[in-house]
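Visitor: I am new to this structure. Please take me to one part, the sheet, and look at it closely. Then show me what lies around it.

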Amino acid sequence: MLFYSRLDIRNYFHNSGIMKSKDALACLHALAQEHRLNLYRLLVQAGDEGMAVGELAAATGLAGATLTNHLHILRRAGMVGDERRGRVIQCRANYPQMNALLGFLTENCCAGSAVADCAPAKTCQPARSKR
């Protein structure tokens with residue numbers, strides 16, 4: 001089951017203007033802390049399947065309350081989502097939000113110069129689950 005829809009985020013971003021400065025600031029603020037950035041990178045690397053909260057705790061060594069607080073901040077910024085699977089909470093990176101942030105940051109890259117190749121080549125898609 002895919003947690004987030006696979007929209008072409010560039011088209012979605014440009015057509016709807018989904019990422020506003022306020023939203024970008026919330027995302028950047030959420031990622032501007034070492035533990036949260038590490039958590040987010042682990043979730044991006046985990047792909048579609050994501051990681052259980054227990055796996056994140058083991059991988060980072062963070063105490064439960066601290067981990068929960070960091071995940072809440074990432075959730076409020078829309079960078080992470082989760083779902084309950086019985087007794088396990090599975091967390092995943094929100095790829096469309098990440099791609100919207102990248103699109104926002106590079107929207108007017110190099111003043112729109114056609115010569116400059118500074119924009120991301122493509123949006124990030126989560127790795128397929130190996131199950």
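Guide: Accessible areas here come from the Shrake-Rupley method with a 1.4 Å probe. By that method the protein exposes about 8,000 Å². Carbon and sulfur atoms supply 55% of that area. Keep in mind that this is a predicted model.

Start with the overall layout. The protein has six helices and three strands. Along the sequence they follow the pattern α-α-α-β-α-α-β-β-α. Of its 131 residues, 34% are buried. Now look at contacts with a separation of 6 or more: 66% of them join residues 24 or more positions apart.

Now the sheet itself. Its three strands form an open sheet in the order S1-S3-S2, with antiparallel pairing. S1 and S2 are the edge strands, each pairing on one side only.

Take the S1 side. Strand S1 covers residues 51-52, and strand S3 covers residues 88-93. The two pair in the antiparallel sense over two bridges. Met51 has Cys91 as its bridge partner in S3. Ala52 stands opposite Gln90.

Strand S2, residues 80-85, runs antiparallel to S3, and six bridges join them. Arg85 has Val88 as its bridge partner. S2 and S3 form a hairpin, with two residues between them. Gly86 sits in that turn and has a positive phi of about 65°.

Stop at one residue of S3. Is Gln90 buried or exposed? Its relative accessibility is 6%, and buried means under 20%, so Gln90 counts as buried. Gln90 belongs to strand S3. Its side chain has polar neighbours. A polar atom of that side chain lies 2.8 Å from the backbone oxygen of Glu49. The backbone oxygen of Gly50 lies 3.5 Å from a polar atom of the Gln90 side chain. Leave aside residues up to four places away in sequence, and Gln90 touches Glu49, Gly50, Met51, Ala52, Gly81, Asp82, Glu83 and Arg85. Of these, Met51 and Ala52 lie within the residue range of S1.

Helix H3 spans residues 34-46, 13 residues in total. From its first C-alpha to its last it reaches 18 Å, close to the 18 Å expected at 1.5 Å a residue. Its buried residues are Arg36, Leu39, Tyr40, Leu42 and Leu43. Seen down the axis of H3, the buried residues fall within an arc of 160°, so they line one face of the helix. An α-helix has 3.6 residues a turn, so residues three or four places apart point the same way. The face of H3 turned away from the buried side carries exposed Glu34, Arg41 and Gln45.

Check both ends of H3. At the N-terminal end, Gln33 is the cap: one of its side-chain oxygens lies 2.7 Å from the backbone nitrogen of His35. After H3 comes Gly47, with a positive phi near 75°.

Helix H6 spans residues 95-106 and has 12 residues. H6 reaches 16 Å between its first and last C-alpha, close to the 16 Å expected at 1.5 Å a residue. Buried in H6 are Tyr95, Gln97, Met98, Asn99, Ala100, Leu101 and Gly103.

Methods:
Residues are numbered from 1 along each chain as its sequence is written. This is a predicted model: local features need pLDDT of at least 70, side-chain atom pairs count only at pLDDT 80 or more; totals for chains, interfaces and linings use all residues. Side-chain values use heavy atoms; hydrogens and water are left out. Helices (H or I, at least four residues) and strands (E, at least two) are DSSP runs, numbered from the N terminus. The expected span of a helix is 1.5 Å times one less than its number of residues. Buried means under 20% relative accessible area, exposed over 50%, partly exposed in between (1.4 Å probe, protein chains only). The arc is that of the directions from the helix axis to the C-beta atoms. A polar contact is a pair of N or O atoms within 3.5 Å; within protein, one must be able to donate a hydrogen and the other to accept it, and residues adjacent in sequence count only if both atoms are side-chain atoms. Two strands pair if DSSP finds at least two bridges between them. Contact means heavy atoms within 4.5 Å.
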